[in-house]
Amino acid sequence: MKTIVVSTNNQHKIQEIEQITKPFGFQLLSKSEAGAGDIDVVEDGATFEENSRKKAEEIMKATGKITIADDSGLVVDCLDGAPGVYSARFAGVDGDDEANNRKLIELLRPVPFAERTARFVSVITMVWPSGETLQARGEVEGHMVTEARGEGGFGYDPLFVPLGSDRTFGEYSPEEKNAISHRGRALQKLHQLLVEKGFGEA
């Protein structure tokens, strides 16, 4: 069984990644479990692709193991693409979901629902110590609401309604969300890339 380091300690992300990588016989370790918990990768890239690759490469170099990194966020059209690559620290403190959602709600409240189009984006990079790299991007389109709904998910999930639904991601079960989410779609593409590399069955 191959051990893969996930460049995060976010258990939500690790669980979503595990559902896709487990069939290939990969065992996942969080950044801390791999002994790299004190490494704080500076996410100074201009794109999700740049940040995802940087996180994967730095943790791979520190651990010497195959590493997967996800960089994801919310892109809101009427806010010129914000919060974008700053999604996790939109309100100033990294990972403060409540503050990030409050700030977003205040900015969106005057905007009509029809103009609150948005998409979640996820870019997943898998890096081997040999330097070989796979990268996959997934997106899901939708609209934003200005009142949090649902207890599920994390981040901006309670404010995001995917196209074709009247529920927020916060009202989805984990299985429902993974089936259509940005990270789920990126992971499905990664799955296909792994199959093409001969890691397993489609």
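Colleague: Leaving aside neighbours within four places in sequence, which residues is N100 in contact with?

Modeller: Contact means heavy atoms within 4.5 Å. With neighbours within four places in sequence set aside, the residues in contact with N100 are S87, A88, R89, F90, A91 and Y156.

Colleague: Before we go on, what pLDDT do local features need?

Modeller: Residues are numbered from 1 along each chain as its sequence is written, and side-chain values use heavy atoms, with hydrogens and water left out. This is a predicted model: totals for chains, interfaces and linings use all residues, side-chain atom pairs count only at pLDDT 80 or more, and local features need pLDDT of at least 70.

Colleague: Back to N100, then: is N100 buried or exposed?

Modeller: N100 lies in helix α3; helices (H or I, at least four residues) and strands (E, at least two) are DSSP runs numbered from the N terminus. A residue is buried under 20% relative accessible area, exposed over 50% and partly exposed in between, with a 1.4 Å probe and protein chains only. The relative accessible area of N100 is 1%, so N100 is buried.

Colleague: How far apart are the end C-alpha atoms of α3?

Modeller: The expected span of a helix is 1.5 Å times one less than its number of residues. For the twelve residues of α3 (residues 97-108) that should give 16 Å, which agrees with the distance between the end C-alpha atoms, 16 Å.

Colleague: Which strands do the buried residues of α3 pack against?

Modeller: Those buried residues are A99, N100, N101, L104, I105 and L108. They pack against β3 and β5.

Colleague: In what order do the six strands lie in the sheet?

Modeller: Two strands pair if DSSP finds at least two bridges between them. The sheet is open, with mixed pairing, in the order β2-β1-β3-β4-β5-β6.

Colleague: And which are the edge strands?

Modeller: An edge strand pairs on one side only. That describes β2 (26-29) and β6 (160-162).

Colleague: In the hairpin of β4 and β5, which residue takes a positive phi?

Modeller: β4 and β5 are antiparallel and share eleven bridges. Five residues sit between the strands, and the one with a positive phi, near 100°, is G131.

Colleague: What about helices α1 and α5: at roughly what angle do their axes cross?

Modeller: Axes are lines fitted to C-alpha atoms, for helices over the stretch in contact, and angles run from 0 to 180 degrees between N-to-C directions. The axes of α1 (residues 11-21) and α5 come within 9 Å and cross at roughly 35°.

Colleague: Which residues of α5 make that contact?

Modeller: From α1, the contact uses K13, E16, I17 and I20. From α5, it uses R183, L187 and H191.

Colleague: Now the loop between β3 and α3: is D80 buried or exposed?

Modeller: D80 is found in this loop and has a positive phi, near 55°. Most residues other than glycine have a negative phi. With a relative accessibility of 77%, D80 counts as exposed.

Colleague: Last one: what is omega for the peptide bond from A82 to P83?

Modeller: P83 lies in the loop between β3 and α3. Most peptide bonds are trans. The bond from A82 to P83 is cis, with omega near -5°.
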